[in-house]
Amino acid sequence: MSTTKETSTIKSVNPFNNEVVKEFEAMSSEQVASIIDKADEAFKTWKNSSIKERSEIMHKVSAIMLDKKVELGKLATLEMGKVLGQAIGEVKICAAIFEYYATNATELLADKPLKVPDGDAFLTYEPIGVILSVQPWNFPFYQMTRSAAAHLTAGNTMVLKHASNVPQCAQMMEDIFKEAGLPDGVYTNLYVSGKDIEPIVANPKIKGVTLTGSKPAGASIAEAAAKVVKKSTLELGGSDPFIVLEDADVQLAVETAVQGRMANGGQVCTSPKRIIVAGKIYDEFLEKTKEAFGKIVVGDPMEKATTLGPLSSEKAAEDVLAQIKNAAEQGANIALGGKRMNRPGAFLEPTLITDITPEMDLYFEEVFGPVMMLYRYETIEDALEIANGTEFGLGGTVFGTDTKKAVEVARKIDSGMVYINHATGVAPQLPFGGTKSSGYGREQAKEGLLEFVNIKLIRTTSPDKPF
C-alpha cells in the first residue's frame, strides 16, 4: 500500500513518543467496490473447496504466526503501545484459534441428523458469501482473527476494515494469508475511514457484517445492516464487574484484579473495571491494592521490565483523563494516580478510584484505560445491584473459595461470560460475546463458526407419509 502526505487519517503513530511512523492512502469508493467484486467472485470457488483444503491453509496461518510472533508483537507494540510480552502473547492466542478451527472444522461443520418419525432429516451448514469485518485497534491481530478464522474456515470470504491507527498490522495479516496459500480475493483489507463504512454495508455483495467497537459505531452498523436485511454481530465493550466474596484469598484476588485491569494499558473490553469487595475484607483489599499499584512499572513497552505502557493515542489518554477529572469533581476519591505523566507519549498514571456512587457518571461509564474502580458491598444483593447497574453485559468475575457459592452468584450477573477466580479470558474453544449494550452474537468455538452460515434443513420422506 503506498504512503502519502501527512494528512491521512490512516497512519501508524507510535504512542510511546507520538511520532508518525507511516501513512496509508485511503481507498476510493471505486477501489472498495472492486475489492468487494473480487471477494464475491472468489467466494464462488472458495465455498466449494473442501473443509480439508481450508483447514490446511489455516494450519499454515497458525504456523506462520508462531514463527513470526516476535515480529508481529513488535509491530503491535509500535502501532498501539501494547507491552511487548503481552503483544507476543496475543499472537500466540491467534495462532491457537486458527489451529483450533483447522483441527476441528470437519467435526464442527458436519451435517447434523435430526430425529423424525419418518424418513430422514438433517441440518447442513453452508457459507453465505462476503463478510465485512470492522475491527478495533486494542488487539490488532486477535480482533481480526476472532472473525476471520471462523468465517474463512466456514467457506465465506472477507473484507476487513481495521482501525485506522493499526494499518501495518492489517497489512501484515493479509500478507500472512497470502503466504499460507489463501486464494486471491478470499481475504482483503479495506483502507477506509469509519465514516465510509455504511455505504459498504449497503453493497449487495456484502452478505453479513461483524463489528467490534463502541456502542455508537455498533448502533450505526446494525441500523445500516437492518435496512438491507443483513445479519450483523456486535461486540461493543463492557464495564465488567469483579465480585470478591468474603471467603476469597485476598492477596490472590488483588493480584488477579490489578493484573487484569492493567493489562494492555487497561484497554480491554473484558477487563475487570469495577472491583466489588465484601465489606469485611475491603480495607485489607484496598491496602494490598495500593501495594500492588506500587509495583507497576511504567515505561517503554518494548522493554522487558515494563508492565504498563502508553495508551493507544494522545486522544485516548486525554479522554480517560477527562473521565477521571469529572469523577473527582462529582465527589469520587482519586486514591492513586489520576494525572498525565511528565514524559513524552500517551501516558497516564495507573489510577485507583473509590467512593463512586450512582449519582456519578463514572458509575455507569466504561473507562478504557489504566483506571481501577473499587466498590464496597455489605450483602450479595448489594454486590449484584452494583454489578448489574450498568448498560453493559460482556464479562465478569466472581472470586471466592466456595466455588459452588461463586457459581450461584455468577448466575445472577447479567453478562455473556462469567469466570470464577479468574479475570474474563479467551480460549479458542470458548464462545465469546455479551448481552445488553455489549452487543449480540458470539465469536470463537462452534457458536462463532455458525454465525454466518446458512443452517439449511434437508428433509427426505415418502410422498404418501405425513411429516
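Modeller: Start with α9, which gives the largest share of the lining of the second largest pocket, 7 residues. This is a predicted model: local features need pLDDT of at least 70, side-chain atom pairs count only at pLDDT 80 or more, and totals for chains, interfaces and linings use all residues. Residues are numbered from 1 along each chain as its sequence is written, and side-chain values use heavy atoms, with hydrogens and water left out.

Colleague: What counts as a pocket, and what is a lining residue?

Modeller: Take a 1 Å grid over the protein atoms alone. A cavity is a set of points where a 1.4 Å probe fits but cannot get out. A pocket is an open set with protein on both sides within 12 Å along at least five of seven lines. Lining residues have an atom within 4 Å of a point. Here, 38 residues line the second largest pocket, and Gln 86, Gln 259, Gly 260, Ala 263 and Asn 264 lie nearest its centre.

Colleague: Which elements give two or more residues to the lining of the second largest pocket?

Modeller: α4 (84-108), α5 (142-153), α9 (250-262) and α10 (279-293). Elements are DSSP runs numbered from the N terminus: helices are H or I with at least four residues, strands are E with at least two.

Colleague: How do the residues of that lining divide?

Modeller: Ala, Val, Leu, Ile, Met, Phe, Trp, Tyr, Cys and Pro count as nonpolar; Asp, Glu, Lys and Arg as charged; the others, Gly among them, as polar. The second largest pocket has 16 nonpolar, 15 polar and 7 charged lining residues.

Colleague: Which residues lie nearest the centre of the largest pocket?

Modeller: Pro 136, Trp 137, Gly 213, Ser 214 and Phe 368, out of 43 lining residues. Elements giving two or more residues are β1 (11-14), α7 (197-202), β8 (206-212), α8 (215-227) and α11 (314-329). α11 gives the most, 6 residues. The lining has 16 nonpolar, 17 polar and 10 charged residues.

Colleague: What pairs the strands of a sheet?

Modeller: Backbone hydrogen bonds, in parallel or antiparallel fashion. Two strands pair if DSSP finds at least two bridges between them. In this model, an open sheet of 3 strands runs in the order β3-β4-β20, with antiparallel pairing. β3 (112-114) and β20 (453-460) are the edge strands, each pairing on one side only. 3 bridges join β3 to β4 (residues 120-127). Leu 114 has Ala 121 in β4 as its bridge partner.

Colleague: Is Val 229 buried or exposed?

Modeller: Buried means under 20% relative accessible area, exposed over 50%, partly exposed in between (1.4 Å probe, protein chains only). Val 229 is exposed because its relative accessibility is 75%. Val 229 sits in the loop between α8 and β9 (231-235). Its phi is positive, about 55°, although Val 229 is not a glycine.

Colleague: Where is Asn 421?

Modeller: In the loop between β17 (419-420) and β18 (435-436). Asn 421, not a glycine, has a positive phi of about 60°. At 30% relative accessibility, Asn 421 is partly exposed.

Colleague: What does the side chain of Thr 424 reach?

Modeller: A polar contact is a pair of N or O atoms within 3.5 Å; within protein, one must be able to donate a hydrogen and the other to accept it, and residues adjacent in sequence count only if both atoms are side-chain atoms. The Thr 424 side chain reaches the backbone nitrogen of Gly 396 at 3.0 Å. Thr 424 is also in the loop between β17 and β18. Thr 424 counts as buried because its relative accessible area is 11%.
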